Amino acid sequence: MSVIILALLVVNLFLTAVLMFTIYPQSKAANELITKVCNAIQLDLESGEANGLSNIPIEKIVTYAVGEGSDMTINLAKGDDGKDHYAVIAVSISVNSESEVYKKHDTTLLSEKEAIIKDAINSTVRGYTKEEFDEDNEGVKKKILERLRGMFGADYVVGVAFTKNTSN
């Protein structure tokens, strides 16, 4: 009986060694792949695309009123009725105070580039008809945010708000 147990123990040891040399390299490669995927997801979470108002604590958000909060009157695209319509909006930009751009420039960068900001807002809003503008205010804000993020960086500009919004 002892000889049979010893033989089974040797066979078990041999099969364990075979499994280790065949499965270990594959599991190591799979582990490296999982690590790469996790690193890619972590980078995506830390990129500016994930930095929205909901991801940043309120005390780290600084707002900047475009044009010192004054109204902007913007012509809208002609709709089905063929009439001219316009939107009267006041825009506020939310900025991440933890971003590198903010640490270098504060909101002075926004005030220096205000003409470019107003042009981006104006050209974005002009692309909407009255009906589209009224129905999809969040979509308009999102398009403006995308343009501003392209100009200033995704981790600097984190939100756009209409402090006044009417269309006629």
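This is a predicted model: local features need pLDDT of at least 70, side-chain atom pairs count only at pLDDT 80 or more; totals for chains, interfaces and linings use all residues.
Residues are numbered from 1 along each chain as its sequence is written, and side-chain values use heavy atoms, with hydrogens and water left out.

Core first. By nonpolar core I mean buried Ala, Val, Leu, Ile, Met, Phe, Trp, Tyr and Cys residues joined through side-chain atoms within 4.5 Å. Buried is under 20% relative accessible area, with a 1.4 Å probe and protein chains only. The largest core has 27 residues. Ile89, Ile121, Val125 and Phe133 touch the most other members. Elements giving two or more residues include β3 (86-96), α4 (114-125) and α6 (137-152). Helices here are DSSP runs of H or I, at least four residues; strands are runs of E, at least two.

What does isoleucine 121 contact, leaving aside neighbours within four places in sequence? Val66, Met72, Ile74, Ile89, Val91 and Ile144. Contact means heavy atoms within 4.5 Å.

Now α6. Its 16 residues reach 22 Å from first C-alpha to last, close to the 22 Å expected at 1.5 Å a residue; that expectation is 1.5 Å times one less than the residue count. Its buried residues include Ile144, Leu148 and Phe152. Among their cover are β3, α4 and β4. Just after α6, glycine 153 has a positive phi of about 110°.

Last, phenylalanine 152 pairs with tyrosine 156, tilted, 6.3 Å centre to centre and 55° between planes. Aromatic ring centres must lie within 6.5 Å; planes under 30 degrees apart are stacked, over 60 edge-to-face, the rest tilted. Phenylalanine 152 counts as buried because its relative accessibility is 10%. Tyrosine 156 is buried too, at 0%.

Terms used: Buried means under 20% relative accessible area, exposed over 50%, partly exposed in between (1.4 Å probe, protein chains only). Rings of Phe, Tyr and Trp (its six-membered ring) pair if their centres lie within 6.5 Å; planes under 30 degrees apart count as stacked, over 60 as edge-to-face and the rest as tilted.
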